[in-house]
Amino acid sequence: MSKVFKGRPVVAGKINGKEAVVSHAGVNTLASFQKSALKKAKQVICSDQNNPDLYQKNLTDKVICLPKTIGSTTGGMVLYSVCAMGIAPCAMLFSEPIDSLAAAGVILSDVWVDGRTIVAVDGLGDDFLAYVKDGMKITVDEDGTVTVD
Amino acid sequence: MQYKMKLTPEEEGILNGSQGEVMAKVMKSLVLYGDAFGAERFVPVVGKGHLVTSFGLSVLQPVFKIMDELIGAGLKVEETFTVDPRPIDYANVKCNPIEKLIFSKIMYGAQAPYEAQLRKLGLKGDDAFTCASYLDEVDNVPKKGDVLSWAESSAVVFANSVLGARCNRNSGIIELFGSILGKVPEFDLLTDEGRKAKWIVEVKTTKKPEAQILGSAIGMKVMEDVPYVKGLDAWIGTELNEATKGYLKDFGAATASNGAVGLYHIENLTPEAVELGDALIRDDAKTYVIDDAELERVRKSYPNIWKNPNANPERVFIGCPHLTFTQLGEWAARFEAELKKQGKSKVALNVVMTSPVPVIEHFKKDNKAAYDKLLSYGIKLTSICPLMYMNNPLCGKKAVITNSNKLRTYTTARYFTDDEITAIAVKGGF
């Protein structure tokens, strides 16, 4: 059984059946990504001790479902960097309107990284975040339609 | 490209390449950024910039690549900029040879070339490295109403809240782009409506709340929203003096790192709250009551993630964000009293205080007695970023304690209050 949600594409793109990782709290980008990025790891394992939903989970090539991002203003730069390094999530789906740091990260990735991007859809609503669970398969269309299987 | 912002002919020309391909990409990034938030136009930036990325972390090659593109295109910040603190200072923050090797060869091996990039892009000077760029000594103090293109969450929240400037919580790189263009898209905290409070925070404690825990509690609750704090003036007064600014600096940094607060209003104290009062509160504002029990609940939620949770502390970091002139004097007095109480002449742990170079110089010159006391107690003064130090995997394994909620949030350091830190540092343990 699948359920469809409609949001606004901030960075439009097509995602087919990728795995969801869900955070019900704001995602602290620096705290989540920095450790793996510093180690030049092949995958990002979330290092944010304050986020029990994501802590120690693999975020690379996953669809992160979240309310928004929080924390240091290096956040956008960190997202851009992990995208350029090829270890970013493939998409970020926001239940709320996107925040300025995440927006910067996905836009910088879109404009300055050749051949890679982080698809971003925002405004999917509280129902989306209540419904989606870790491991569910996510499909995203260019117009911001998100299908959760 | 398709966009919704209303651009002037000059701005549209830049987008279409009138100032070169790289500047067009800078403009495209800012237009998309503005579109994401419904900005209708660009507004001019006033004064100097402030950048968050101060560290030549080898892994940030993608950032250095953008910098090279900007420099190659002859772009720079005409008004100059300050930048966050440097990551290392071997003279005052001792490291063993293996830690040094990791810092110099693996982590921050690109520091020198990165600083060369910063200079080419308009760095204000060699002493312009601090997260507290808004302190008088650093000479990047915005005025009320100035529109800024800054990053560094603690600096943005201070500039907005305490100085009344207008700045969004810009990300690294975006802040540089806005400073190069000399304009930023107008949305959110740049608008009157965006500066209205969605939360009323009622402080009902029986004593002066610890700035770091109060800020942490509010950040966790309101996230990115603007809080209007009532009742705090009963504890910290209604005058924006140096002591109050120090308190608000630490409070704001905690709201910004434990949440995403870019602006707060303190009733009867911060400039817009004094000017506009309750008119700053939205009709649909929610209320959050903070009492002693709530602060205790928040503090107890901080995990102990030391490698050995029962270890004795080794190192103490005080000053994240960087300490002010007044705070350095307060710490000297605090340590003097505690040393006297415990009958000692020196601290027993490796205590490092961080502050901007111009502030340390000011302190050394105009409060020489306190400066000499701190050094005689065995305390080191430095201008580094403790967070960058703790990013070294070996340093991160050390049992570090701090009075900074921001440092606690991003590292393995454990939080203790100012008084607790002082007692532990003098005693040499818990």
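Strand β9 (residues 137-140) of chain A and β10(A) run antiparallel, joined by 3 bridges. Strands here are DSSP runs of E with at least two residues, helices are runs of H or I with at least four residues, and both are numbered from the N terminus. Two strands count as paired if DSSP finds at least two bridges between them. This is a predicted model, in which local features need pLDDT of at least 70 and side-chain atom pairs count only at pLDDT 80 or more, while totals for chains, interfaces and linings use all residues. Residues are numbered from 1 along each chain as its sequence is written, with chains lettered from A and ligands numbered from 1 in the order in which they are written.

**The sheet of chain A**

Let us stay with β10(A) for a moment. Thr147(A) is the bridge partner of Thr139(A), and the hairpin of β9(A) and β10(A) has 4 residues between the strands. In that hairpin, Gly144(A) takes a positive phi near 90 degrees. β10(A) also runs antiparallel to β1(A), with 4 bridges between them, and here Thr145(A) is the bridge partner of Lys6(A). What lies on the covered face of β10(A), and what on the uncovered one? Val146(A) and Val148(A) make up the covered face, whereas Thr145(A) and Thr147(A) make up the uncovered one.

These strands belong to an open sheet of 8 strands in chain A, in the order β1-β10-β9-β3-β5-β7-β8-β2, with mixed pairing. β1 (3-6) and β2 (8-11) of chain A each have a single partner strand, so one side of each is left without a neighbour in the sheet. On average, neighbouring strands are turned by 30 degrees against each other, direction ignored. Contact means that the C-beta atoms of two residues, placed from the backbone, lie within 7 Å.

Here are the strand pairs described in this report, side by side.

| Strand pair | Sense | Bridges |
|---|---|---|
| β9(A) and β10(A) | antiparallel | 3 bridges |
| β1(A) and β10(A) | antiparallel | 4 bridges |
| β6(B) and β7(B) | parallel | 2 bridges |

**Where the chains meet**

Chain A brings 34 residues into contact with 34 residues of chain B. On the chain A side, α1 (29-38), α2 (75-84) and α3 each supply at least two residues, and α3(A) gives the largest share, 9 residues. By class, this side has 18 nonpolar, 13 polar and 3 charged residues. In this count, Ala, Val, Leu, Ile, Met, Phe, Trp, Tyr, Cys and Pro are nonpolar, Asp, Glu, Lys and Arg are charged, and the others, Gly among them, are polar.

One residue to look at in chain B is Asn168(B), in the loop between α6 (153-161) and α7 (174-181). Leaving out residues up to four places away in sequence, Asn168(B) touches Ser100(A) as well as Phe187(B), Asp188(B), Leu189(B), Leu190(B) and Gly262(B). Is Asn168(B) buried or exposed? Asn168(B) counts as buried because it has 32 C-beta neighbours inside 10 Å; the cut-offs are 20 or more other C-beta atoms within 10 Å for buried and 12 or fewer for exposed, with partly exposed in between.

**Domains and helices of chain B**

An automatic or database assignment sets the domain bounds, and chain B is divided into domain 1 (41-190), domain 2 (193-300) and domain 3 (315-427). The centres of domain 2 and domain 3 of chain B, taken over C-alpha atoms, are 25 Å apart. Their contact takes 13 residues from domain 2 and 11 residues from domain 3. On the domain 2 side, α8 and α10 of chain B give two or more residues, with the largest share, 9 residues, coming from α10(B).

The axes of α8 (residues 211-222) and α10 (residues 242-258) of chain B come within 7 Å and cross at roughly 35 degrees. By class, their contact has 9 nonpolar, 8 polar and 1 charged residues.

Chain B also has an open sheet of 4 strands in the order β7-β6-β5-β8, with parallel pairing. Within it, Val229(B) stands opposite Ile266(B) in β7(B). α8(B) packs on this sheet, touching β5 (197-203), β6 and β8 of chain B, and its direction makes about 130 degrees with that of β8(B).

Methods: Axes are lines fitted to C-alpha atoms, for helices over the stretch in contact, and angles run from 0 to 180 degrees between N-to-C directions.
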